[in-house]
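I opened my notebook to look up a few things in this structure. Here is what I went through, step by step.

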Amino acid sequence: MRRGVVILAVPLFALGFAPCVRGAPAIDAYHVVCARRALSAGEQVEVRLEPAPPAGTYIYWRNAQQIGMNPAAAEARRAVYTAPFVIQPGSPPAEIRVDLSGTQTGRVGFVGRVDLVPSVLPRSAECLASDQTYSPDYGTIEPDGSTIIRAEGLVVHMSDPEYPRVAVSRGLTDVVPLRVLLCTSGRVLAAYPLTSYDDNRQPIDHEGVLTEAAVATASSRTFAPLLRDSTPVAGWIHVHVAFRP
């Protein structure tokens, strides 16, 4: 990630004894680095924990999507934070929370803060069911959708996207995974790229031009809405957009 902005990181808690180990960063040395100073409604940004924790330390992001499947792997100190979909005037800075657990750090939590710009994601007002609300902490809805009745692991495969000319000329092919917030009408409110992995569980870097096209394709479609007790509700689904010649 490009050199970013250091956003304030404050220790939240410490449990047990964190021994002083030669070469291990001091607890007060950790901070969260963000590529943006302020975020508008629904915007995403990559954040990372600095400095790198000692090997074997487990890293857990509590309201950001961790990059990597293994919390003890090097890529686990990177995550993606999504700003709330509705940011009211006077909203406090967003708190991006991360926990560490390891023999050299003990159990300790940190919070990084980034400013939020009052704004609303377009057409969000009519997206939710009557008993659903937008989280004021990050880009999701409450309740979290765990009570939604739907097929387990619902995935929509989309194989007919608009193929960018520059991608055609370069012979680019890919399957881009997305996380999509579906409204009660079946309209897409937000679509974000997901991290995918190779056979060795290493993150795959997708071509930016195809990722942007995948988001545009999914955002333009209407799906069958998710149901809870036969009533449409908003919720998340996974979409795979395939770019093939």
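**Entry 1: the disulfide**

I looked up the torsion about the S-S bond of C127 and C183, and it is about -100°, so the disulfide is left-handed. The pair links distant parts of the chain, 56 residues apart. I found C127 in the loop between β12 (119–120) and β13 (133–134). C183 sits in the loop between β16 (174–182) and β17. I noted that this is a predicted model.

Next I checked the distance. From S to S, C127 and C183 are 2.1 Å apart. A pair of cysteine sulfur atoms within 2.5 Å counts as a disulfide. I then searched the whole structure, and the search finds one disulfide.

Are C127 and C183 buried or exposed? I looked, and both C127 and C183 are buried.

**Entry 2: another cysteine**

I turned to C34. Its relative accessible area is 0%. Buried means under 20%, so C34 is buried.

C34 belongs to strand β3, which covers residues 31–34. I followed β3 to its partner. β3 and β5 pair in the antiparallel sense, over four bridges.

**Entry 3: strand β5**

How many of the seven residues of β5 are buried? I looked this up, and six of the seven are, so β5 is largely enclosed by the rest of the structure.

I asked which way β5 and β8 run. They run antiparallel, and five bridges join them. R48 turned up again here: its bridge partner in β8 is R78. I kept a general point beside this entry: in a regular strand the side chains alternate between the two faces of the sheet.

**Entry 4: the largest pocket**

I went on to empty space. Rolling a probe the size of a water molecule over the atoms shows where such space is left.

The largest pocket has a volume of about 650 Å³. I found 18 residues lining this pocket. Those closest to its centre are E46, I67, R78, V80 and P193.

Which strands supply at least two residues of the lining each? I listed β5 (44–50), β7 (65–66), β8 (78–82) and β17 (188–193). β5 gives the most, with three residues.

Last, I sorted the lining by type. I got eight nonpolar residues, six polar and four charged.

Definitions and conventions:
Residues are numbered from 1 along each chain as its sequence is written. This is a predicted model: local features need pLDDT of at least 70, side-chain atom pairs count only at pLDDT 80 or more; totals for chains, interfaces and linings use all residues. Side-chain values use heavy atoms; hydrogens and water are left out. On a 1 Å grid over the protein atoms alone, a cavity is a set of points where a 1.4 Å probe fits but cannot get out, and a pocket is an open set with protein on both sides within 12 Å along at least five of seven lines; lining residues have an atom within 4 Å of a point. Grid points are joined across faces, edges and corners, and a volume is the space filled by probe spheres set on the points. Ala, Val, Leu, Ile, Met, Phe, Trp, Tyr, Cys and Pro count as nonpolar, Asp, Glu, Lys and Arg as charged, and the others, Gly among them, as polar. Buried means under 20% relative accessible area, exposed over 50%, partly exposed in between (1.4 Å probe, protein chains only). Two strands pair if DSSP finds at least two bridges between them.
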